[in-house]
Amino acid sequence: MTRREGEFKEGKINLLSCSTTMEMGVDIGGLSAVAMNNVPPHPANFLQRAGRAGRRGETAALSFTLCKNTPQGEAVFRNPLWPFETALAVPQVALQSGRIVQRHINALALTDFLFGETSDGPFRLTAGWFFERQDGDGHSSPSTRFQDWCRQTNTIDAMKAPLQRLCRRSSLSGIPAERLLAQAGAALETVEVSWRDELDALLANLEVLNTREGNSKPERAIGFQLKRLREEYLLGELATRGFLPGYGFPTGVVTLQTSTVETLNARRDQREDNRGQSRGEPSRELAIAIRDYAPGTDTALDGRVYRSGGVSLNWHLPAQLNAGTEVQSLRWVWRCSACGGSGTRPTRPERCPQCNERHSSKLTRLEYLQPAGFAVDIRWQPHNNVSIQQYIPVRDPLISLEGAAWMALTSPALGRYRSSANGHIFQRSDGLHSEGYALCLRCGRADSMGPGGDRPLSLKAHKRLRGGRNNDQELQCPGNAEPGVIKEGLRLGTVVHTDVFELQLRVLDSAQPIDEVSAFSIAVVLRRALCQHIGIEEDEIGVSVSPTRGMAGEPAHSIYLFDTAGGGAGYVGQAILELPALLTAARQLLECHCDKACQICLLSNDTQYHVDLLDRLAAAAVLSERYLTALALPDDLRIFGPATRLELEPLDMALRREIQHQAIDEVRIYLSGATDDWEPLAWPLREDLLRWANAGIIIRLIASRTLLSALPSTQADEIAALASVIGAKFHISNGPPSPFTGTSSTLPLIAEVSGTNHSVCWAASNPTALSPRPGWGSGANQTRFVSVVRHSQLAPLPAAWGEVPPGELRRPVAGLCELRILTELDGPSVDFGTRAWQLISQQDRTLLERLQGTESITRVIYTDRYLKSPLAILLLHSFLAALRGYPGGVAPDTRITITTEKLSRSDTREPYQLFHDWRDAQVRAEVIEGRFTDLGCFEFLEEHKSSLPHARELSLEWPNGRNWTMRLDQGFGYWRLSRGERGQFPFAQGSPQQLSRLRSVNSEIEGNGGCYPTYWYCESATI
């Protein structure tokens, strides 16, 4: 590159072919002409590229652009003044993706660690040195030491200030440094496990193929892979695997191993910065590779065609298989037509995880493999006949936003939408005949199943994919004769978490969901409108339509837009705030002279596979002038006057947005609604309020005196605990807050934020929205929110709205013995129950006498809505198991019943820590039932929230009707892992692995924050 730049400046060459990265930052001398082979996505791109010519005083300069037969090219060809007339949008920096911010945290931590670890600095290090190296004195690898370094007190103290500056105004602002570093350590542990799996599989395969000489073709092929794996540039490997920022480059990249007997002696070194190759082989993001490199597909490389023959092994099967042998890369994907849900799980679901549908006609379940890479048969003979290339049909992805909050348009009759930075996308390949693949788990050879589901000929009496024993003189792969080793009907798939926007529209006159053709056509032009607005290529955003269920449970079709970059790029998240304008722009893009679709309006590279779903007239009929006019804010919601705006984002996202963009120093939340609905400790905003308080923002909670007097004691204790933990100032008003002076509006104020010269107020269309509970701030019950922005600070609260210490909000229950707990139960989790019953017995000597009596407990009943995390189950089991240590405690015939709420999701985040909530109800039930089988006759029940008491209650029963009860104000959720504890939990694995992990855990625990106690209310026992 440097040589060519020099020759160009000297005039030895007069033509350069450049990528778009030449837009800025590289001086290539004077240019008299710039030719672009397509229209750039944004006027700024065009002006930057065209502006390369004529910078050195040339008398004439030319910019020439080839307008291709695409919608963008056609539009610019018709209007050549486009780059000069189009207003340039103000660039935005989106800091709402926790995943992207965390990658920068990882980079900061790793940089600090590596400069203390090696004198070479991080830029010459290899993956093998980092993940595999062990010093002669027994030291572990740098990767393992980094994970330990992240938990050290000195590290946490030293990194506090840098992390605070890095996270300022981002979605991770206010999170303690120990948590951020723990997440960095956990992320690297995941990468290390994946890398070691590849290494171990290669080493195991090399051992199987070992010859005396050690230079057979199969051994050399594996040796080449080992060398590339170990010598891979460390920072590139960590970026590819999603640990470090990728800055637009692909993540989750896999390779196609193309080395064959013919090519092993003709290897050439490759450029380190060639992102189209990885480890010297062609590479793709896995979501694309399962289509482009799937077994049976052909790939042209340097003028020669290679056919994929299977997948790379990242597992090692034992020499002797048995029924319990499992391959962790095998999982299940499910799709339910009853509720429209989809997802993946480690084992085959017996029922829909979302709606409990069991009928096989409505619940599709497919086993799939997430490949670590792909490989050509080592005996393949590359050729140059590109006319006979074979391709695998493209499949639409399965997309899920389970847990994301729905929001209504200005009128619920027009439709609804939702968005998430952590959407779940499953990309898959079903094979040539949509029957899946046959795969040999021993060698990795795979091929498409036949049209009738028959095993392909290539998997009958096959040889090892990458070479057999004795220099490939082995007749057959051992997998041919081993039962269960050749899997049939297997899909290839991968899960990508990225930004996803979902939209459900309704026909204006009938209020019925729109049909599939209208939905897909609108999706295409909506994507184009968004891409034009933010100035990006259309391939940066994917588009899909899927059958699902509407707000009343009726059949509907959802429009999906999603960032194609793994982890998201923040593109489709911008659609929410511009949705009315984007729908208007989409309607204009449908203006065309074609019958249904053409390159000017709907046809593009990816929509060509869905021509039967393209109809601009059907889409235009939905997005009529009347429909677009109906998107305007109705008069009854214009409570702040002409400045009133519809809040298009869920309220928690809106609050985060304002705190990110403005210097906010105060947040006010107004509480109301039915007090029986209050669930303060399950309030999703709780975590945000704590982060903002840690960042120095004043948090004020306001409720009326009348409402608080009617609050049940259980919820009163919870709101007191919440206010104390987050350090909020609690104000009691003399009546409902009324911010609408001079208006007759009865809509309640729900939230306010304020800075020096900026404030925003939000009101809700439904008073029930003010209840602190799961779903707060969403469009539940067709709630809409309106706001007003003012360029002034909020006025102080009325002096009569006095501040009340949180402790005074508690309402102890008369007649019950109160046990105050702060740090008394801190310590090893395995002894938690023993410490708890000793503390209770000290308070209630009569109960101790009963436990030391001769009659055992006959029945134990514990009811708790919030048994959702492994940590809560760990402590509950320890608590009940400790009763076995008393003669009058739990016996083998004691009946134990635990009742909790049916599992549901309130966010889209993936769990990975011991204190995170389960996503899968079936797995949770299996783990809980397996953990409590050692305690008498166990029964686990799941009920709807409405049929469960709010209080967490324990009841012990003895013969002759004697009983004892206790209420736990915060349940077992009060305790957390102590600082420095490793809390990783294998949610992605099956229930046996999760149960094994739960049984082995013995972590140090401590009270939540140590600043506010939990209270247990005990009924005095009688003999």
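Where is the place of Ser429? That's my way in today: Ser429 is in strand β14, which covers residues 415-429. Before I go on, keep in mind that this is a predicted model. With a relative accessibility of 2%, Ser429 falls under the 20% cut-off, so we call it buried. Its side chain makes a polar contact with the side chain of Tyr437, at 2.6 Å. And if you leave out residues up to four places away in sequence, Ser429 touches Ile290, Ala294, Ile392, Tyr437, Arg491 and Leu492.

Okay, a word on confidence. Mean pLDDT for the protein is 86, and 92% of the residues get to 70 or more.

As a general matter, nonpolar side chains tend to be buried together in soluble globular proteins. Here, the largest nonpolar core has 111 residues, and Phe501, Ile669, Leu701 and Phe730 have the most contacts inside it. Which helix gives the most to this core? That's α14, residues 516-534, with 11 residues. Let me pick out Phe730. Leaving aside residues up to four places away in sequence, Phe730 touches Leu671, Leu701, Ala703, Leu708, Ile719, Ala723, Gly802, Glu803, Val804 and Leu809. So that list has Leu701 in it, another of the residues with the most contacts inside the core.

There's a second, separate core too, with 59 residues, and that one includes Trp837, Tyr886, Val1001 and Ile1005.

How many aromatic pairs does a search of the whole structure find? It finds 28.

Take Phe832 and Phe972. Their ring centres are 6.1 Å apart and the planes sit at 70°, so this pair is edge-to-face. Phe832 is in helix α22, residues 832-843, while Phe972 is in the loop between β34 (963-968) and β35 (975-977), so the pair ties together parts 140 residues apart in sequence. Buried or exposed, Phe832? Buried, with relative accessibility at 0%. Phe972 is at 2%, and counts as buried as well.

Then we have Phe879 and Trp1016. With ring centres 5.8 Å apart and planes at 75°, this pair is also edge-to-face. It links distant parts of the chain: Phe879 is in helix α24 (residues 870-881), Trp1016 is in strand β37 (residues 1014-1018), and the two are 137 residues apart. Phe879 is buried, with a relative accessible area of 1%, and Trp1016 is buried at 0%.

While we're on rings, what about charges? Arg810 lies over the face of Tyr1015, 3.5 Å from the ring centre. Arg850 has its charged end over the ring of Trp958, at 4.6 Å from the centre.

Over to a helix next. Helix α7, residues 142-149, is mostly covered, with six of its eight residues buried. Which ones are the buried residues of α7? They are Pro142, Ser143, Arg145, Phe146, Gln147 and Trp149. Those residues pack against α5 (98-117), α6 (127-131), α8 (153-167) and α9 (177-208).

Last topic, for anyone who likes checking backbones. Most residues other than glycine have a negative phi. Ala511 has a positive one, near 60°. Ala511 has a relative accessible area of 26%, so it counts as partly exposed.

The other residue to look at is Asn960, with a positive phi near 65°. Asn960 lies in the loop between β33 (952-957) and β34. Is Asn960 buried or exposed? Exposed, with a relative accessible area of 71%.

And that's me done, so over to you.

Notes
Residues are numbered from 1 along each chain as its sequence is written. This is a predicted model: local features need pLDDT of at least 70, side-chain atom pairs count only at pLDDT 80 or more; totals for chains, interfaces and linings use all residues. Side-chain values use heavy atoms; hydrogens and water are left out. Rings of Phe, Tyr and Trp (its six-membered ring) pair if their centres lie within 6.5 Å; planes under 30 degrees apart count as stacked, over 60 as edge-to-face and the rest as tilted. Helices (H or I, at least four residues) and strands (E, at least two) are DSSP runs, numbered from the N terminus. Buried means under 20% relative accessible area, exposed over 50%, partly exposed in between (1.4 Å probe, protein chains only). A charge sits over a ring if NZ of Lys or CZ of Arg is within 6 Å of the ring centre and within 35 degrees of the ring normal. A polar contact is a pair of N or O atoms within 3.5 Å; within protein, one must be able to donate a hydrogen and the other to accept it, and residues adjacent in sequence count only if both atoms are side-chain atoms. Contact means heavy atoms within 4.5 Å. A nonpolar core is a set of buried Ala, Val, Leu, Ile, Met, Phe, Trp, Tyr and Cys residues joined through side-chain atoms within 4.5 Å. pLDDT is the predictor's confidence in each residue, from 0 to 100.
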